[in-house]
Structure formats: C-alpha cells, structure tokens
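Please find below a short note on the model under review.

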Amino acid sequence: MRPLIARPLIAGNWKMNLLRGPAVALAEALRAGAGGIAAELLVCPPAITLPAVAAVLAGGPIALGGQDCHMAPEGAHTGDIAAPMLVDAGASYVILGHSERRQNHGETDEQVREKTVAALAAGLVPIVCVGETAEQRDAGNATEVVGWQLSGSLPKGFAGVVAYEPIWAIGTGRTPSEAEVADMHGFIRAELERQFGAGGAPIRILYGGSVKPGNAAALLAVPEVGGALVGGASLAAADFLAIARAAPGG
Ligand code: PEP
C-alpha cells in the first residue's frame, strides 16, 4: 500500500435535506464535535443554506462545498448556480457529476467536464463522482464504465478529488466488498496515472455509498481509499463524526 498522500477527506453530502434551522443546528453540532479529528472534514449543504452554514463554520476546521455548479461563470441560466457564487458564499469544494444529477438531470460526462473546468477556474476543488449501475456491474462492465466516465469527465490538468460511488450502493445500505473497493480504487488510480502521469498520483479517491459508522473503518482502510463521500449518515452529527474518527489517523 502506498503511503497516504493527504489526510483522509470525509465529505458530507446533505443533498436536498434540512431547512435553515436544522442545517444550522447540524453545523453547530459538527463544529462542536470536530476537535481532535485528524481527517479533513467537509459538508455540502444545499446552495440556499450555504450562507447560514458558512456563518457557523467560519474560522473552524470544517470546510464547505456546493453540490453542483454551472459551467458558465454568470449569465442567463435560470435556477443555476455559478462556481464563483459558491466561492462567494464560503465554499472551497463542489461535488460534480453525482449520479443523482447524471440520472435526474441527464448530465453527461462532457457537461461534468465543463463544470469541472469552471470550478477549477473559480478556485474550487471539484469532487467528481463516477460509478456503475448494478446492471453494469452484473454484466462485468464496472471498470469499463468507470474508465469512460473518468476520461470523459476529467479535464486536462485535473487537480481535484474523484469519488467512486457505485450507484447501487447509494442510499441502499448495500456496499461492495472490501476486495471490490480495492479493485476499483486500484483501477481508478491506474487510470488517473495513465491520464495525468505523475499528476494522477496525488489525486484523492473517495469511496461513497452507504458509508456508516459500522463499516467506515473497514472501507477507509482499503488501499487507495482517501476518504469517504457520505450521504444519509452525514445528516446526523454523531454518525458523521464517528465516520471521521474511523478514518486512518483517527
Ligand atoms: C451519496 O449520495 O453521495 C451517498 C454516498 O449517499 P449514501 O451515503 O446515503 O449512500
């Protein structure tokens, strides 16, 4: 196993959950409990609650991210959020190409790549999500699918984070075996080095999909797993902090 290239990143994707009051309360509980955690912590609330959560987290150890951004820096795009707006609201990361956006909004690899370029231009760290469906895995095509997503979604000179999220594990309570996670993360590392040469080696690869306090230590100890992208369990402070404490380095 190669040495850890950075502290593990434990990222919470709050998705379309929590009104302002509960979002602020969760942020306050996380900030109060984050002391002594070695992992880097990140929460990604809905765009509308970003400013309120930013006010709670300002100056503390927990970073803030968006869940999506548009590929244009501004303009006539009703309902969309530009990357510089996320930065203006206090974000330093943005999740891009989550499977729920690929499925519910028809986002293509090309659009994810354009959004990634926009995020990097704005100074955000993009977390680009990839992952196969159950049918694709059952057909033996998981690595091929993820390989195409990586080459289609990551721009030249990519400097960000990749999240491997098997779609069949998201919100289902099912997870791949540690051997399956190790195989896929090893494949992703090799692909990143093929695409970006030496620049592919330090890219963090997160695992996401039904990470809970009970399985976090085992998943986070798998070679090439540089952290976790957590959905459901990130909505409870105790669970999210327990996952973070389970990361290598405590
Ligand atoms: C996600 O949607 O990014 C995710 C990992 O969700 P969950 O942890 O709920 O499976």
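This is a predicted model: local features need pLDDT of at least 70, side-chain atom pairs count only at pLDDT 80 or more; totals for chains, interfaces and linings use all residues.

**Note on cysteines and ligand site**

1. The sulfur of Cys129 has its closest cysteine sulfur in Cys44, at 9.4 Å, which is too far for a bond. A disulfide would require the two sulfur atoms to lie within 2.5 Å.

2. The structure as a whole holds 0 disulfides. Cys69 is accordingly in no disulfide, and the nearest cysteine sulfur, that of Cys44, is 12 Å away. Cys69 counts as buried because its relative accessibility is 1%, and the cut-off for that class is under 20%.

3. Turning to the ligand, 14 residues lie around it, of which Lys15, His98, Glu165, Gly171 and Ser210 come nearest. By residue class, the shell around the ligand comprises 4 nonpolar, 8 polar and 2 charged residues.

4. Which atoms of the protein lie 2.8 Å or 2.7 Å from an oxygen atom of the ligand? In the side chain of Glu165, an N or O atom is 2.8 Å from a ligand oxygen. For Gly171, a backbone N or O atom lies 2.7 Å from an oxygen atom of the ligand. Gly232 also contributes through its backbone, with a polar atom 2.8 Å from an oxygen atom of the ligand. The ligand taken alone exposes 290 Å², and the protein buries 97% of that area.

How values were computed
Residues are numbered from 1 along each chain as its sequence is written. Side-chain values use heavy atoms; hydrogens and water are left out. A residue is near a molecule or strand if one of its heavy atoms lies within 4 Å of it. A polar contact is a pair of N or O atoms within 3.5 Å; within protein, one must be able to donate a hydrogen and the other to accept it, and residues adjacent in sequence count only if both atoms are side-chain atoms. Accessible areas come from the Shrake-Rupley method with a 1.4 Å probe; for residues, only the protein chains shown count as cover. Ala, Val, Leu, Ile, Met, Phe, Trp, Tyr, Cys and Pro count as nonpolar, Asp, Glu, Lys and Arg as charged, and the others, Gly among them, as polar. Buried means under 20% relative accessible area, exposed over 50%, partly exposed in between (1.4 Å probe, protein chains only).
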